[in-house]
Amino acid sequence: MNKVVNDFSIQIATVNGSGSQTANLVILRSIFQMGIPVSGKNMFPSNIAGLPTWYTVRANKDGFIARKKEVDFLVAMNAETAKEDVMSLEPGRAVVYDEPLKLNELRTDLTFYPVPFDKLVATVCTDAKLRRLVKNMIYDGVLSHLLNIDMGEMEKALRKQFGKKVKAADLNMGALKAGAEYAQQNLTKSDPFVVERMNKTDGMILIEGNTAGALGAMFAGVTVVAWYPITPSSSLPESLIGYMKKYRLDKDGKATYAIIQAEDEIASIGMVLGAGWAGARAMTSTSGPGVSLMSEFAGLAYYAEVPGVVFDIQRVGPSTGLPTRTAQGDIVTTALLSHGDTKQILLIPCSVEECFEMAQDAFDIAERFQQLVFVMSDLDLGMNMWMSKTFTYPEKVFDRGKVLTAENVKELGAEWGRYRDVDHDGIPYRTLPGTGMPSYFTRGSGHNERGQYSERPDDYQRNVDRLSRKHQTAKKYVPAPIVEDAATEVGIIGYGTSHWAIVECREQLESEAGIKTAYLRLRAYPFPDEVEAFIKRYKRVYLVEQNRDAQMKTLMKIELPDGVTNHVRSVLHYNGLPIDARSLTDDILVQEGRKAPDTVHAEMTAPRAAVTMAREE
Amino acid sequence: MADVKKNRIGLEITPYRGGKTTLCAGCGHNAISERIIDAFFEMGIHPRDVLKLSGIGCSSKTPAYFLADAHGFNSVHGRMPSVGTGALLANKKMIAIGVSGDGDTGAIGIGQFVHLMRRNVPITYIIEDNGCYGLTKGQFSPTADLGSTLKNGVVNDLPPIDTCMLAVQLGASFVARSFSGDKKQLLSILKAAIAHRGTAMIDVISPCVTFNDHEGSTKSYAYAKEHDEAMGEVNFVPFFEDINIDYDPGTTTAVTMHDGSKLFLKKVAEDYNPTDKLSAIRLMYETHARGEFPTGILYIEPDKDDLLTQLNLVDTPLAFLPTEVVRPGKDVLDAVMEEHR
């Protein structure tokens, strides 16, 4: 049998709340430590304990770390989903399963490895109450033997995971070894998947996007944080609390920051506005439902011109609508958040490194433009573990924007008006309470250039036109798109976490169908001019999004001149799972007329792709 | 030429005044604005050191009519408490006054009101309470009287919320009620509230001359004058003045504020103790039962830690901390990166 080295996905199916996350991270980390590019995707229910959950680890020698659609190696620990999990595998794959489930009776075209988990755990764990948790480490041991994962690396990863809890680590080490020994003595390797040491992760880290965003905010000098718990955002402010307690106290133990768990998202953004208005670097973190609640204040911030940073860790739908699944579904609502004519600034990170960097950019841009800046992360990026090179220490001076000081107030003289466009870039000068500078009265859209109350039509229109100019100026300040041109007719545009699937998809398109592609990765709204230029350079442009309604394309239709987006086609992924390359490639091949719709996997796009094509014609 | 009166920091009253009011002639809110001007002037607080905030409604327009030189923020309906909280977190040295109404507080803003009290945010929070929505033409507010009638005949069949009772229960450390027409009492209460460190909640009955000043309204001038049961006299002596008022220790409670100011409350009821929550609540129940409303300082807890104290913030306002204080060094990033290897 041919070996498949460092190119497979493992899916571990367990019950939520059974403590499997630790075991899963130990697998992920061990493979990472062996130098192989990895990614981990947690597909978990909105539930504390009892419902099914899946964790996928992908190892890929070429560095492709998007979710892999096909499962190569299944660990079936959950009786409830085991049958369906097994039935959905492609032939030739392998299954480790809890022996009493008798999954081997289901199919003959898979490799089955039965493991008597309960029996094994009883020998290593005398405390019956702990067995449920420790049991998971046994499958790590089994995988270590079957996939050839170095036991030393497993132990290192396990000890790192348990930190100072030595007793728990020892107990779990026992289970790990018991699993490995059992596999060695009782299981015969008969699947092709193995791990071999490489050096592709040297000097790299494993980190979640929310942790990276929190770090970025801390190094950006955030001082006021107001937040309300919501999945998948909570871990951002929570890790921020941890870091700030450790690194942001002065020598007397006094806090150089304030973090408030507010009564709701409306209060969170209200506190951000108050703090931003009074000169602090202020932020909140939330998800779609919270963004909706913040809508009114977001409009006030736009018109009163108050800075603030909002992390939106996007997820699927409102209320009980798949809160633990990923999406890019807040693009249109957030870009145009609030009533009246409002245009917000969005930054869109694709990686943990960009979460760190854009968190910092966000504060600079918010203060420069005196408005809210939304960092549009998502559940996949925020809550999953990603490998990354280490973050670069920020040396850049903070941009605190146009704040009136004793020096520049003299230059402006009696001419200072809070909303006057002195520099012709749409950005006015503001003053801060407590600096001795002139005060002004902050209110909604009804004001003249001096900040006085006005309902005059000319005052109002002049002001909203200036805000338009400000938005134009922002195009040059926001992170520019990353462009890779090619001699081809086909361009791809993507943003956020779709990036990782697009990178792999481009390779598939070229190797499978000889289709070369150009690529623009969008990183912000308002759209820098390069976006329009890129679309015009290519005959067919595929815009990849993780939502049903092609939201970014809609936004482009609004923003770009008429007709520019006519040849932009949509590739849409919106089932709540992280986007994968196979689905993208198949969708594009169908739209390119290179693959028949009925030959691609049903879950995809066939009916919709047809609709898309019809609409384009 | 007669000397123009100046306050202890050498300012005349002009910078304490605001723009011309656009409220109805005779509106109780205008009288409250006047008292706010007097209080800040007499206490000698520089208007530039003041944050004046409001929500939406007639009441919330008033910050434009006092302290023109203060930093004003007319926020959104019912959500001034969060904006005020944020501003104070950014700059703990500012003195904050928030003006709200009975609709802005009791209906749309009840959630933020609750949590403002709970956190004991250092702000003087004034409810200009007229029992109706004036700016949208007279609809019932949550403090409207049970059984009161709109011009179109609609009857209010819901009981009113008592914001003072709520505030005491929620943790406000200074709770008072007054009447917009009672110049002397309102001024004393305002001064004490401004000197207080913590949430000072003042419900000021303020008749709406256009929509709710009719016979039978408990928020009318006539009713307030008749049924206002003042809890004795309130005398406030700021820290910079010598104590020279006459008081009889047997019938007067003296409360020392955090800045050394003294508050003297002349007792009317023998067993009334303004530092005791139960007394305050009993008083409110009993006077309500008689169709009256007690005015004065109903409850005070001068030593309770406010939010900013609890947060143990550095002395410099957070807004003005320099980069080297708020951006940890490279060693910190290196250490964190090491943890994630």
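How close do the axes of helix α9 (residues 265-277) and helix α11 (residues 295-304) of chain A come, and at what angle do they cross? The views below start there. This is a predicted model, in which local features need pLDDT of at least 70 and side-chain atom pairs count only at pLDDT 80 or more, while totals for chains, interfaces and linings use all residues. Residues are numbered from 1 along each chain as its sequence is written, and chains are lettered from A and ligands numbered from 1 in the order in which they are written.

**View 1. Helices α9 and α11 of chain A side by side.** The two axes come within 9 Å and cross at roughly 15°. That makes α9(A) roughly parallel to α11(A) (angles under 35 degrees count as roughly parallel, over 145 as roughly antiparallel, 65 to 115 as roughly perpendicular and the rest as oblique). Axes here are lines fitted to C-alpha atoms, for helices over the stretch in contact, with angles running from 0 to 180 degrees between N-to-C directions. Helices (H or I, at least four residues) and strands (E, at least two) are DSSP runs, numbered from the N terminus. On the α9(A) side you'll find A:Ile266, A:Ile269, A:Gly270 and A:Leu273, which meet A:Phe297, A:Ala298, A:Leu300 and A:Ala301 of α11(A). Those residues divide into seven nonpolar, one polar and no charged (Ala, Val, Leu, Ile, Met, Phe, Trp, Tyr, Cys and Pro count as nonpolar, Asp, Glu, Lys and Arg as charged, and the others, Gly among them, as polar).

**View 2. An open sheet of seven strands in chain A.** Follow the order β11-β10-β12-β13-β15-β14-β21, and expect mixed pairing; two strands pair if DSSP finds at least two bridges between them. At the edges sit β11 (258-261) and β21 (524-525), each pairing on one side only. Zoom in on β10 (residues 224-227) and β12 (residues 282-286): they run parallel, joined by two bridges, with A:Val224 opposite A:Ala282. Helix α7 (residues 209-219) of chain A lies across β12, β13 (308-314) and β15 (372-378), at about 155° to β15(A).

**View 3. Where chain B touches chain A.** Here 47 residues of chain B are in contact with 50 of chain A (contact means C-beta atoms, placed from the backbone, within 7 Å). Helix α3 of chain B gives the most to chain B's side, with eight residues. That side divides into 25 nonpolar, 15 polar and seven charged residues. Helix α3 (residues 80-90) of chain B also lies across β10, β11 and β12 of chain A, running at about 150° to β10(A). Elsewhere, β17 (residues 441-442) of chain A runs parallel to β2(B), joined by two bridges, and A:Thr442 has B:Phe73 as its bridge partner.

View 4. Most residues other than glycine have a negative phi, and most peptide bonds are trans. Another cis bond joins A:Tyr525 and A:Pro526, with omega about 5°.

**View 5. How confident is the predictor in chain A, on average?** Chain A averages a pLDDT of 94, and 97% of its residues score at least 70; pLDDT is the predictor's confidence in each residue, from 0 to 100. Over residues 602-617 of chain A, though, the pLDDT is below 50. Where pLDDT is low, the predicted coordinates should not be read in detail.

Terms used
Contact = placed C-beta atoms within 7 Å.
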